[in-house]
Each structure stands twice: as structure tokens, then as C-alpha cells.
Amino acid sequence: MFLRSRAGLRRTAIIAALSVGLITPMAGVAAAGPGKPGTGKSVAAAAGLRAYLVITAPNNTSGAKSAVSTNGGTVYASYDAIGVIVAHSTATDFASKMRSVSGVQQVGASRTSDVPAASSNPAIPTSPSQTTPTAAETSRVDMTQIGADKAWDVTTGSSNVLVGVVDTGVDDQHYDLKPNFDASKSVSCAYGKVDARTGAWRPVGDHGTHVAGTIAAAKNGKGMVGVAPGVRIASIRVAEPTSQLFFPENVVCGLMYAGDNGFAVTNNSYWTDPWWANCPNNVDQAAILEAVKRAADYATGKGVLNVVAAGNENTDLDNKSTDTLSPDDSTPSSRPVTASCKIVPGELESSLTVASITSSNTKSSFSNFANKVNVAAPGDNVYSTLPGGNYGQMSGTSMATPHVVGVAALIKSVNPSATVDQIKAKIAEQADDLACGSDSRCKGTTAKNTFYGEGRVDALAAVQGGDPNPQPGGPWENTDDVQIADNGAAATSTVTIDGRTGNAPAATKVDVNIVHTYVGDLELNLIAPDGTSYSLRRANPGDGSANLTTQFTVDLSGEVANGAWKLSVRDTATYDTGYINSWKVTF
């Protein structure tokens, strides 16, 4: 039934190809467990350029960086705030030498295969050719099952809420994703460092685009609609092309990037390659555990909720005994493991971990189970977006997770000041209890058990009530006319914002209404209370139209919200005249 990948979590079965285009499985897929993208051909494990995680105390990496070079390596990337260095070396004794360096706490190989040559000059994935959907949006069982269709009467989500899809990349040009996609916040972290070039975030597989649609496909009357169709999504591609593997350095990069760039929630439908379970008594796996944990904790500390798939091996994670999937970048072999060997980031304390249920509210056949499971969501035959304007069904905890991510984004939309812990608590409190039933493997009570955690996520209940102390969102408006000097000094108009806490949103709306006989002469800037200038519009002498009524979206997340904001309008040429009629700021 399921098309299963050797690796086990990311690539999920495509049950049917729907809407437009025939979706076919990717090369290199073999039996093991539904979920993980196909690994393609195994990379030979011959000694060559290898990647290592060198771990020090946070903000104390300088000595270790110098030692990397001394011991035959190069620093590929460094995450100083958490004390994690990504080093490359061809020296077979590199790790052992680095472990003796003063200040170095751990050193471990992050893969059992050579670093691809592409790491030195990654290619930009091709943007898929697009087909526009013609089918109308329909009521889908997964959305009605969690009450998302009713939650939309409360909120469809706020564009101030940014969600990161940490995955195989996202098709930003897809009809249903383009309206909510934020290219300015999208990057690739393949190979372990940020690549912010345009398009670097694009898909190297179908998985990330499918996840993105479940979270935030636009409510536009065609195709499908996501759980939170009003929030913004960004792609943080951590999968490497060809192999589609998510190596530890890539995951560290992705989580750190989310923490530093204003994300509210991340979707993590994967386990970190090459080891299914990382054992603390293995020097390489111990370093992977520590590095990914530090990155996840860093993101959490920055206000990011990391929602993670429980996995698709139908395994009791509290009683692991055997790992047959690892290492998945070379030759997997069977090895004994214990409960102390952790799947990351799914078994990290900071993660909100999601199991999968069927449309009948029973455990999906593939879903892992454990005390760590927080909640459950639909993961069988989920219909969502695929690259190129396509749509199709996939199954897995990978598909359950974005439902919970969407609910978290809705909660953040109605309660912008909610913390990570508060969002997790709200999801848990409002989840609908699911009993174990007759399956003896399930441990716990109806209210909390190893199959379903706190129960099936409930979007409607989670957003009802909103914020008891909501922050004002405006608009703050000035309707006084201000004359604009002809080819003279800039005219300014001020609005004063108060009653807010913290910084302004990343998607602040600035509406202007300017009466002028030749708008091509006009240069517009927004001046923050601290004097920082944000360009809204440059003069364009070729634009001979009259009057300017438009809206600008500005990232003001680096500015304190309260204070006097000014619209500056300068006429850059002679003859034509006009005035600022009105303008407003909306959060």
C-alpha cells in the first residue's frame, strides 16, 4: 500500500495523483517504512572530504577554529552562539586530534559518506513549470476532523505570523502557495550553512511542498486550503539534492536560522540523518545529539515552537531495541539500540512531537508511539500541494505534523504575545481525548497516552477565546493634508503609535493616499522613531500617472513599535505639485 523509503520518515506514500499532472515516485526508493524521501543511490563511504561537528562552550569557538586549520581541516560554518563548528577535513585522524584541543568538548563525524563536491558551489534548484488549478476547493476530511473549517470563522491566520518549513524545499510559485510565501525569509541550509541566494530554497523533492500546503495553502477558491491560510510561510531547505538527506549540520543551520529571523513556528517532518537513533555512548552520535539539541533549544529560546513528526516505523520509542535503517548515507546494518538512543529532533524535550491518526481517529499503522508524543493529527492519505501546480495524497507522521503547525500558527495569530510554552499548553488543553482502545501496546489513560498524547488537535477550540489582553493593531492614521514642495524639501506627516509592547511586525502595512499630478516625481520613505529610514518608493520619471493610493508591506521587526513614525515624501522634479492626503500604519 505505502510506497516506502529505505530511510523511513520523510518520504511518504503518494497514494494517488490528483488534479493536474501524474505524480510518480522518485528514484532509489526501497522498502522500510513510509515517510522519508527516497535516498537515491548510496554514496560510497570511501575516505575523502568528511564533515565534523566540533563542539565547545557557547561563544567560545575562536581557539577551536584555529585548531581546525592546524589539524588539517577547514571551518565550513560556525554557530558561535551555541558553540558548534562545522569543519571539513580529509585527514583520517582529524577527529582524534581535535578532541585533545583545549576547550573542545566533543568532536563527531556528521556523516559516514564524503561531503558532496557541490558543497563548495551549490546549484540553485530549478523552478518547476507551473499549471494553474481549475478544480474548486472542497471540504476535506482532515480539515473537518480537526475543526479547521470552523476555526476559519474565528481567524484564517495573520500575515504577521511566520512559519518555517524545514524540509526538502518549497515550490514558491505554486498557485496555492505563492500568495503566502515569503521569499525574503527563505534560504537553503544544505551542507550546513545559509545560502540566501534567490531560489536556493526551491524543492529538490515533493515532500516540503506537500507539507507547506497543509499549513498555509491560500483560501482562494481553487485547489485546496491549508489549516492557516492567512499566515506567511518560508522555506528553510535542509535536504541535499540527489540524496535528499537531512544531515546534522543542515538541521543545526536551519534551526539557528529560524531562531535568528523571527519565525514563530517550524515544521520538522524528518529525522536527522544518517542515524535513525543517536546513541550517547558513540562519539559521533553524541556530538550529533548535542549539536541538534543546542540548535533546537536556541530556536526555542528565541520564541520558535519546533513541531516535529514522531516517525513512521510503528515502533515504541520508549523501548527501542534494534536499528536497521542506519547509516542511511552509506550501507545500513542492524545494530542494537536502547531508549537512551534518541531520534532528533523528535525526541528532544523542547519539541512538540506529533503522531498520526486515520480518518477514523485510530492510530495510523505506521505511526511511532511513546511518552514523548504530545498530540496526534490526521496523517493518512492527506491531500495537498505538489511542485508545479500539482496536488496529490501522501501519508505519514510527516503529513500529520503540519496540521499541528497550522493550529499553532492560528493560536499565535489570535494571541500574538503567546510564548512557546503557552502555545504548547493551549494545544494540549484543547486537544480532543482519544482512548487507547484494544491495542495493548498503548500505555496511559484516555486523557494522555503513548499513541495520541493529549489527543487529536482541535483547531477551533484552540483559537476560541483569543488573547485576554490583546495588543492594539491599529490602524494609526493621519488625515491632515500636508503640501509637497515642488522639487524641494521632503514633506513629512506623523502618526504616533502607543500601547504596544516589543517590536513592530515583520509584515507591517503602510497605506498612503497622495494627491499629485505626476507621481513619477515622488520618493517615499518611512522614518522610524529612532530615525532609521525605510525606502517605500523611488522616483520613476517614466510614470506619468496622477495620484498615488497604494499599500506597502514593510519588515519593521527590528524597530520598537511605540513612538512617532513619519511618512517622508519628496518631489524630485519641477512643475507638478500635490499633497499628502492621508496615510496609516497597521500591524
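Tutor: The lining of the largest pocket divides into 14 nonpolar, 15 polar and six charged residues. The model is predicted, so local features need pLDDT of at least 70 and side-chain atom pairs pLDDT 80 or more, whereas totals for chains, interfaces and linings use all residues. Residues are numbered from 1 along each chain as its sequence is written, and side-chain values use heavy atoms, without hydrogens and water.

Student: What makes a residue count as charged?

Tutor: Asp, Glu, Lys and Arg count as charged; Ala, Val, Leu, Ile, Met, Phe, Trp, Tyr, Cys and Pro as nonpolar; the others, Gly among them, as polar. Lys412, one of the lining residues nearest the centre of the largest pocket, is therefore charged.

Student: Why is this called a pocket?

Tutor: A pocket is an open set of points on a 1 Å grid over the protein atoms alone where a 1.4 Å probe fits, with protein on both sides within 12 Å along at least five of seven lines; lining residues have an atom within 4 Å of a point. Here, 35 residues line the largest pocket, which holds about 880 Å³ of space.

Student: Where does the largest pocket lie?

Tutor: Domain 2 (141–430) and domain 3 (476–586) both contribute to its lining, so the largest pocket lies between them. The domain bounds come from an automatic or database assignment.

Student: How do you know that β21 and β24 pair?

Tutor: Pairing requires at least two DSSP bridges between strands (E runs of at least two residues). Six bridges join β21 (522–527) to β24 (563–571), so the two strands pair. Leu524 stands opposite Val569 in β24.

Key: Grid points are joined across faces, edges and corners, and a volume is the space filled by probe spheres set on the points. Helices (H or I, at least four residues) and strands (E, at least two) are DSSP runs, numbered from the N terminus.
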